[in-house]
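Hi everyone, thanks for making time.

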Amino acid sequence: MNAPVPNILSHISKVPAADAINLALGRPLMMPRVSFVVPTLNEAKNLPWLLPRIPTWAHEVIIVDGRSTDDTVAVARGLREDVKVVMEPRRGKGAALQAGFRAATGDIIVMIDADGSMVPEEAIVFVGALIAGADLVKGSRFLQGAGTDDMSTFRMLGNWGLTMLVRMLYGGSFSDLCYGYMAFWTKHVPTLNCDCDGFEIETLINVRALKNELNIVEVASFEAPRISGLSNLRAIPDGWRVLKTILREKVRSPVSLVAYGYP
């Protein structure tokens, strides 16, 4: 079982946390609208586990399907009448997430995989940290109370090396880089300006959040093996794409022009 929430939050960036006084003023706290974005590719057998467990307080659930050849879309619609389906013609997790971000109408976006490896009930911890003052909340499999049953030793070493490289080049104190369970305020989508199509999108979001000095918090998360089917992740080619993203971002503009009011 995960540790109590106060013990599993870890600030990453140098931006200080929200002033606790604001939480003690007794002002009414409005629950933000939360959009869950779920990229899918042949996940018909996994959605019956995932979709019923997404919290009832979700504002919307967006399935972004990338050319599934099974009954993914029909299964999704059968499980949730209110599911929003976006058909993405481009291949890749990054392309699917970009489409989901554009379709989201909530105040907060939660990214979660469809394969059953991420626990939907953990989302309240992510949302709670955002309400408490974070700009972006990232799951970590390597904090106290977290864990993984889905990473090989090879992938774990690769993730560690890439995480250390980001810490060396950009600062911060990430404990886990290549993990896609995260949440952020929708208003930050232009700042993150996601413009990649593959699995490297998670790293791109993390690095651009650091570059733009967003208030980043890590929370403990447990990763289980996917329930059914084979992962589309390829450790070496996708690791290479992640590495190129880390290095490319270092020579690009230090911050998004959105930070200066452009466009």
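Predicted model: local features only at pLDDT ≥ 70, side-chain atom pairs only at ≥ 80, totals over all residues.

Residues are numbered from 1 along each chain as its sequence is written, and side-chain values use heavy atoms, with hydrogens and water left out.

Now, β6. Helices (DSSP H or I, at least four residues) and strands (E, at least two) are numbered from the N terminus. Strand β6 covers residues 136-140, and five of its five residues are buried, meaning under 20% relative accessible area with a 1.4 Å probe, protein chains only. One side carries Leu136, Lys138 and Ser140, the other Val137 and Gly139.

What about its neighbours? Strands count as paired if DSSP finds at least two bridges between them. With β8 (residues 182-185), β6 pairs in the antiparallel sense over three bridges. With β9 (residues 216-220), β6 runs parallel, joined by five bridges; there, Val137 has Val217 as its bridge partner.

On to the lining of the largest pocket. Elements that each supply at least two residues to that lining include β2 (34-40), α5 (153-170) and α8 (235-251). By residue type, the lining divides into 16 nonpolar, 12 polar and 17 charged, where Ala, Val, Leu, Ile, Met, Phe, Trp, Tyr, Cys and Pro count as nonpolar, Asp, Glu, Lys and Arg as charged, and the others, Gly among them, as polar.

Technical notes: Buried < 20%, exposed > 50% of the residue type's maximum accessible area, 1.4 Å probe, protein only.
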